[in-house]
Amino acid sequence: FTYEVNYEFLQNRFNTIERFRDVEFSRDWNLGTQTQQYNQHLVQADLGYVWGGLGNITYHFKSFIQDSVYHGFENGLNGNFSKKGFNLIFTSSYLNSSSLINSTNYIRPKADFYYASAKTKGWKIGASFDHEINMLKNKGSDTLTSTSYLWQNYTAYIATSDTAKNKFRIEYVTRYEQRPQGNNFANPDFKAHTVNVTGQVNTIKNQSLNYSLTYRHVNDKDSVHTDQPANFYLGRIDYNVTALKGFFRSTTLYEVGSGREQKTQVVYIVSPTNQGDYIYPANGDVNHNGVQDVSEFVVRPPGFSYDTSYIRTFIVTPEFVSVNTNQFNEVININPAAIWKNKTGIRKVLAMFSLFASASVSKKTYADKNKKIGDYFNPIPLTKQDSELVATTISSRNTLYFNRLNPKYGFQIDFNYSQP
């Protein structure tokens, strides 16, 4: 048997300089926002048992008390078992708390069961689940509050061993979410099916490759999000290479994805100082509908005065639109000193120079079923006049160094470019 008891006291006059508790501490205890400090008592007691050649199991009890305003008590059971290649790891906890404004019941079971042995050459074949059931009720009420939630994740996976040089993992995840309804939870209103593929290649000399690919199909019955796309994808590749003992280094990143975001709309507002860059001409009502349409405003001609001018700005609308994103980053370092530092002649002169160059291109466009498949993966931005373009950014930073590490003398030449 193993046992351990811990007690922590925090006086209400104690002010912390930096965080000393877990980031999730407030969420673990269902603590709301607090503007006043109280005396705090935190107790934890663990009782465990170890089976030789099989595993261990631990029961824990926790208590967190803040004077008379909050009382929380948590019971939990954790275990880790392994036998003939079969492995089971599980954690679970049940929190019952009471404060001046509400009472809560917070249940969190989690388990991972997998098989890995010499027969599978270290590969893991397993399944796991992760649940959170958080029930909050206001004092004197039997109805769950709107902040209550229930979600469930179920995963099946195949993965290489943790010690493998080249890593690979493929998994299928199903997620369900339920909203509170009365004193219980409604049927699942959110369902998602996800396939993840991740991996690393580290066995190629002086090179490394990390990659990930995610595909998700979503069924969301929430009326607020009825227009969201049902399918999402996200892919990322990171490639690093070093050549000629560090003479040449390169880092490449490519990312592609899809999602949704709130739509922005162009509006023109009257300039209070009449210094706006746009005007609405006298004959601007082209379609004769009596409305100042966005397309009817024009740039203010220089050298002319007008009674009214306008400023162009953007507002966020409640409408959500489907978008596709691309990003490409490249960083190159060239350092001749890595191979010519101790050479003579022209090679010694070249070794005094080094070059850093980076380029970044990102593009976001509206989703369109008529697009060619290649357009989704092409990171080169469209023209700004293209109606499908949401946003684009191009930037580059380049530096040529001379005697970079010499403390006596040296110089550098910078060239930076940015196009929002």
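Colleague: Let's start with H288: buried or exposed?
Modeller: Bear in mind that this is a predicted model. The relative accessibility of H288 comes out at 69%. The cut-off for that class is over 50%, so H288 counts as exposed.

Colleague: Where does H288 sit, and what is its phi?
Modeller: H288 is placed in the loop that runs between β16 (278–279) and β17 (298–299). Most residues other than glycine have a negative phi. H288 is not a glycine, yet its phi is positive, at about 55 degrees.

Colleague: D67 also has a positive phi without being a glycine. Which loop holds D67, and what is its relative accessible area?
Modeller: The phi of D67 is about 45 degrees. As for the loop, D67 lies between β3 and β4. D67 is classed as partly exposed, because its relative accessible area is 32%.

Colleague: What about T163: how far is it from G122 in space?
Modeller: T163 is in the loop between β8 (149–159) and β9 (167–178), and it counts as exposed at 72% relative accessibility. In sequence, T163 and G122 are 41 residues apart. From C-alpha to C-alpha, the distance between T163 and G122 is 8.9 Å.

Colleague: How many residues make up the largest nonpolar core?
Modeller: In soluble globular proteins, nonpolar side chains tend to be buried together. Here the largest core includes F25, W29, Y70, L95 and Y106. Leaving out residues up to four places away in sequence, L95 touches W29, Y70 and Y106, among others. The total for the largest nonpolar core is 10 residues.

Colleague: And the largest pocket: which residues lie closest to its centre?
Modeller: The space in the largest pocket is about 640 Å³. Its lining has six nonpolar, nine polar and 11 charged residues. Strands that each supply at least two lining residues include β2 (40–51), β3 (55–66) and β4 (70–83). Of the 26 lining residues, the closest to the centre are D22, D28, K62, E74 and R108.

Colleague: Stepping back to the whole chain, what is its radius of gyration, and why is it called more spread out than a compact globule?
Modeller: The chain has four helices and 21 strands. For 420 residues the globule rule gives 22 Å, and the chain is well over that, so it is more spread out than a compact globule. Its radius of gyration is 30 Å.

Colleague: What share of the residues counts as buried?
Modeller: The C-alpha trace spans about 85 × 75 × 55 Å along its principal axes. Of the 420 residues, the buried share is 31%.

How values were computed
Residues are numbered from 1 along each chain as its sequence is written. This is a predicted model: local features need pLDDT of at least 70, side-chain atom pairs count only at pLDDT 80 or more; totals for chains, interfaces and linings use all residues. Side-chain values use heavy atoms; hydrogens and water are left out. Buried means under 20% relative accessible area, exposed over 50%, partly exposed in between (1.4 Å probe, protein chains only). A nonpolar core is a set of buried Ala, Val, Leu, Ile, Met, Phe, Trp, Tyr and Cys residues joined through side-chain atoms within 4.5 Å. Contact means heavy atoms within 4.5 Å. On a 1 Å grid over the protein atoms alone, a cavity is a set of points where a 1.4 Å probe fits but cannot get out, and a pocket is an open set with protein on both sides within 12 Å along at least five of seven lines; lining residues have an atom within 4 Å of a point. Grid points are joined across faces, edges and corners, and a volume is the space filled by probe spheres set on the points. Ala, Val, Leu, Ile, Met, Phe, Trp, Tyr, Cys and Pro count as nonpolar, Asp, Glu, Lys and Arg as charged, and the others, Gly among them, as polar. The radius of gyration is taken over C-alpha atoms; the globule rule is 2.2 Å times the number of residues to the power 0.38.
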